[in-house]
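Look at the model below and follow the side chains. We will take them contact by contact, then turn to a pocket and some rings.

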Amino acid sequence: MRKAYIAGNWKMNLTPSEGAAYASALKKACEQAGADVKIMIAPSFVSIPAVLDAVKGSDIIVAAQNMADHKSGAYTGEVSPLMLLDLGVKTVILGHSERRQYYGETNESINKKILLALELGMDVVYCVGETLEEREAGKLEEILSAQLAVGLKDVAPQDMSRITIAYEPVWAIGTGKTATPEDADDAHCFIRKTVASLYSKDIAEKLIIQYGGSVKAGNVKALMAKENIDGALVGGASLSVEQFLPIITYNK
């Protein structure tokens, strides 16, 4: 049985003081609501220490939104996974569409980061998904196949338990558009079948696949009701307790 995994990606929002206040309020709200799903929030790098302190004593995971593909060195402006681990961060989001779109990250460069994160014992949320042009051109399966085959290249079968896949149709991020639950589930089903072909049916069945693309309180139940959707990677709606809590407690 796959446990639901609800994650909030704050992107470049919330200062350290704002993030700490929000994380503290979220911790309290989740405790009061009796939330029984796996919960993760991903602040910006500079907000991580304050947010970690704010959620102390809870099961809320604090993740990084990215990391460097080296442990150390002359890489100005980068953040090493060793630095994250030293703070207490053990989960990282890699391959987000905005990293691919704005910063030129490729399946190959993301693969290097995934392998390094796993080598250091970190958990990874690996983002995959197609643009509107790719979907309309009928390339959904081609794009997902390449992202999975190359992004997961050389990942050992035993390490797949530390990988979560987040399917994010790029055209649905921050646009207010959402793939229908049926469209989303079809993509998730294809991802699961592809992972089964790359690894095994057992590994694919245990794989947590999140949906990310304008998830909100109004559509989360319909999405989560689908067989292959195991969670959500939430953007804008994760920036306030009022919007994020109903997503976390979708099953209450």
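A search of the whole structure finds zero disulfides. A disulfide here is a pair of cysteine sulfur atoms within 2.5 Å. Buried means under 20% relative accessible area, exposed means over 50%, and partly exposed lies in between (1.4 Å probe, protein chains only). Cys 30 has 8% relative accessibility, so Cys 30 counts as buried. Cys 189 has 24%, so Cys 189 counts as partly exposed.

A word on the model itself. This is a predicted model, in which local features need pLDDT of at least 70 and side-chain atom pairs count only at pLDDT 80 or more, while totals for chains, interfaces and linings use all residues. Residues are numbered from 1 along each chain as its sequence is written, and side-chain values use heavy atoms, with hydrogens and water left out.

Next come the charged contacts. Side chains of opposite charge can pair when their charged atoms come close. A salt bridge is a side-chain nitrogen of Lys or Arg within 4 Å of a carboxyl oxygen of Asp or Glu. By this rule the structure has 15 salt bridges. In one of them, Glu 105 meets Arg 99, with 3.1 Å from N to O. Glu 105 is buried at 11% relative accessible area, and Arg 99 is partly exposed at 23%. Lys 153 and Asp 154 form another salt bridge, at 3.5 Å from N to O. Lys 153 is partly exposed, with a relative accessible area of 47%. Asp 154 is exposed, at 59%.

Which residue forms a salt bridge with Asp 230? The partner is Arg 192, and the closest N and O atoms are 2.8 Å apart. Asp 230 lies in the loop between helix 10 (220–224) and strand 8 (231–234), and Arg 192 lies in helix 8 (residues 181–198), so the pair ties together parts that are 38 residues apart in sequence. Helices (H or I, at least four residues) and strands (E, at least two) are DSSP runs, numbered from the N terminus. Both Asp 230 and Arg 192 are buried. They also belong to a network of salt bridges that links Arg 2, Arg 192, Glu 205 and Asp 230.

A pocket is found on a 1 Å grid over the protein atoms alone: it is an open set of points where a 1.4 Å probe fits, with protein on both sides within 12 Å along at least five of seven lines. The largest pocket has a volume of about 500 Å³. Its lining has 17 residues, and Lys 11, Met 12, Gln 65, Arg 99 and Tyr 103 lie nearest its centre. Lining residues have an atom within 4 Å of a point. Helix 4 (residues 97–103) gives the most to this lining, with four residues.

Last, the rings. Rings of Phe, Tyr and Trp (its six-membered ring) pair if their centres lie within 6.5 Å; planes under 30 degrees apart count as stacked, over 60 as edge-to-face and the rest as tilted. The whole structure holds three aromatic pairs. Tyr 102 and Tyr 103 form an edge-to-face pair, 6.4 Å centre to centre and 90° between the planes. Tyr 102 is exposed at 56%, and Tyr 103 is exposed at 55%. The rings of Tyr 167 and Tyr 211 have centres 6.3 Å apart and planes at 50°, so this pair is tilted. The pair links distant parts of the chain: Tyr 167 is in strand 6 (residues 163–167) and Tyr 211 in strand 7 (residues 208–211), 44 residues apart. Tyr 167 is buried at 0%, and Tyr 211 is buried at 1%.

Technical notes
Points joined across faces, edges and corners; volume = space filled by probe spheres on them.
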